[in-house]
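Welcome! Take a moment to look over the sequence and the 3D view before reading on.

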Amino acid sequence: MGDVLLALSIPVLVFASGIYAACDCWWRRRHPAPPSPYTHRAARLAEQDMLLLAEEIVDDAYAAIGPLYARPAARAADRPAALSPRPDATPDRVPSRPAPARKP
């Protein structure tokens, strides 16, 4: 008789836990918890901190490599004459002529 009660207790336990889960689900759908203001506030504060950190990173990067992006007119005055393009240079996107062969 003990074995029969043990064998029947497992389906009864599964059935009772299913009923409990269904009732709990129904109760939570009828009575939802209000949203927590702390989670929204924490998200806003984290977003502000992240934006401030990103702004600092961009400012530091611009201060470090900003001179590389100076205006071309300002850099043209600093460029020596040896770096100017040759008059016989071909325009872009056109294959250049082969170089003349040198004799050793």
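Here is a short tour of the fold, the surface, the charges and the cysteines.

## The overall picture

What you see is a predicted model. Its chain has 3 helices and 0 strands, so reading from the N terminus gives the order α-α-α. Helix α1 covers residues 2-30, and helix α2 covers residues 37-65.

How much of the chain is buried? Of the 104 residues, buried ones make up 1%. The chain exposes about 10,600 Å², and 66% of that area is supplied by carbon and sulfur atoms.

## Two patches on the surface

Let's start with charge. E55, E56, D59 and D60 come together on the surface as a patch of negative charge. One of these residues, E55, sits in helix α2. E55 is partly exposed, because its relative accessibility is 46%, between the limits of 20% for buried and 50% for exposed.

There is a nonpolar patch to find as well. I65, L68 and Y69 form it, and it spans about 370 Å² of surface. Among them, Y69 belongs to the loop between α2 and α3. With a relative accessible area of 63%, Y69 is exposed.

How many salt bridges does a search of the whole structure find? The search finds 1. In a salt bridge, the side chains of R28 and D24 meet, with 3.4 Å from N to O.

Both partners are in helix α1, where R28 and D24 are 4 residues apart, about one turn of the helix. How do they compare in exposure? R28 is exposed, at a relative accessible area of 57%, whereas D24 is partly exposed, at 28% relative accessibility.

A disulfide is a covalent bond between the sulfur atoms of two cysteines. This structure holds 0 disulfides.

Definitions and conventions: Residues are numbered from 1 along each chain as its sequence is written. This is a predicted model: local features need pLDDT of at least 70, side-chain atom pairs count only at pLDDT 80 or more; totals for chains, interfaces and linings use all residues. Side-chain values use heavy atoms; hydrogens and water are left out. A disulfide is a pair of cysteine sulfur atoms within 2.5 Å. Helices (H or I, at least four residues) and strands (E, at least two) are DSSP runs, numbered from the N terminus. Buried means under 20% relative accessible area, exposed over 50%, partly exposed in between (1.4 Å probe, protein chains only). Accessible areas come from the Shrake-Rupley method with a 1.4 Å probe; for residues, only the protein chains shown count as cover. Patches are made of residues with over 30% relative accessible area and no salt bridge: like charges are joined within 9 Å, nonpolar side chains (Val, Leu, Ile, Met, Phe, Trp, Tyr) within 5 Å. A salt bridge is a side-chain nitrogen of Lys or Arg within 4 Å of a carboxyl oxygen of Asp or Glu. Lys and Arg count as positive and Asp and Glu as negative; His and the chain ends are not counted. The place of a charge is taken as NZ of Lys, CZ of Arg, CG of Asp or CD of Glu.
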